[in-house]
Amino acid sequence: MRIEIDQDSGFCFGVVNAIQSAEKELNAQDELCCLGDIVHNSQEVNRLKKRGLQTIDHEQLKQMHGKKVLLRAHGEPPSTYEIADQNKIQIIDATCPVVLQLQKRIKKCYQTSDKENSQIVIFGKIGHAEVNGLVGQIEGKAIVIEKKEDIRKLDFNKNIYLFSQTTMSVDSFKEIVDEIQLLVNKNVIFHSFDTICRQVANRIPHIKRFASQHDLVLFVAGEKSSNGKVLLEEARKANPNTYLISDPDDIQPVWLNDTKSIGVCGATSTPKWLMEEVAKRVKSMEFKL
């Protein structure tokens, strides 16, 4: 049985930066707080928890004073920084540069647009940490759409400025753009801004090729990973024999029957060490088949 780990899978730059920031602080002190899970992968969260990284939520942040708090790659709304300032909290800002740039673009667009006759629209996952941070840049006045059917929320007689969460599918974004163009009034402004991270988007054609080269694909990702859902769907299009697992224990022996080639890949929030653990588990199970 041939087992291959996809060398292009694993943490993106933003996640690497956030984890390195956390580890640097933990090398100098026993404990550190992170606002929300540092990455949407429970195994990596647990690894860092053992080192002293504590995950807190926004309500706990409000009760803190004089502490150090890490902001993860997803970004935060201005209100988070205001609370930190009021409570003398030292912020370690690990917001991804791509997300930070998007926040600035949305804020500038909002400030310079005709607010009475314009709509700022974000294509993204409702409630996702990155989206919450983006919506917060414009006083909560953005319209979030997750799929083409959500376009009905828009007023096609008002200007539309469309942005995207950085980890969404490029093809899905184009579908949204095409649909709005068909429906929007010709007398209003419609501008779309493809703000999808290319480090993430470029993994889609690669994951398709990788998945098609194997009899079986084990896609390793956390259930909360937005990027993981996108890449998993693309892997399954290329190879229907693709299984989502979050842990080596999820592997079912029956999957391996009559399988000669297995590919192990994952999301931008999947640590390389976890994919290696999955490959080791497969090898150990092979001898028991």
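Reply: Definition first: rings of Phe, Tyr and Trp (its six-membered ring) pair if their centres lie within 6.5 Å; planes under 30 degrees apart count as stacked, over 60 as edge-to-face and the rest as tilted. This is a predicted model, where local features need pLDDT of at least 70, side-chain atom pairs count only at pLDDT 80 or more, and totals for chains, interfaces and linings use all residues. Residues are numbered from 1 along each chain as its sequence is written, and side-chain values use heavy atoms, with hydrogens and water left out.

Me: How many aromatic pairs in the whole structure?
Reply: The search finds three. In one of them, Phe123 and Phe173, the ring centres are 6.3 Å apart and the planes are at 35 degrees, so the pair counts as tilted.

Me: Where are Phe123 and Phe173 in the chain?
Reply: Phe123 is in strand S6 (residues 118-123) and Phe173 in helix H7 (residues 170-183), 50 residues apart. Helices (H or I, at least four residues) and strands (E, at least two) are DSSP runs, numbered from the N terminus.

Me: Are Phe123 and Phe173 buried or exposed?
Reply: Both Phe123 and Phe173 are buried. Buried means under 20% relative accessible area, exposed over 50%, partly exposed in between (1.4 Å probe, protein chains only).

Me: And Tyr243 with Trp255, what geometry?
Reply: That pair is stacked, because the ring centres are 4.0 Å apart and the planes are at 15 degrees. Tyr243 belongs to strand S11 (residues 242-245), while Trp255 is 12 residues away in the loop between S11 and strand S12 (261-266). Tyr243 is partly exposed at 26% relative accessibility, and Trp255 is buried at 17%.

Me: Switching to helices. At what angle do H5 and H6 cross?
Reply: Roughly 30 degrees, with the axes of H5 (residues 97-112) and H6 (residues 129-136) coming within 9 Å. Axes are lines fitted to C-alpha atoms, for helices over the stretch in contact, and angles run from 0 to 180 degrees between N-to-C directions.

Me: Which residues make the contact?
Reply: Val99, Leu102, Gln103 and Ile106 of H5, and Glu130, Gly133 and Leu134 of H6. Contact means heavy atoms within 4.5 Å.

Me: Last one, what does His74 touch?
Reply: Not counting residues up to four places away in sequence, His74 touches Asp37, Ile38, His40, Val99, His128, Ala129 and Glu130. His74 sits in the loop between strand S4 (68-71) and helix H4 (78-86), and is buried at 13% relative accessible area.
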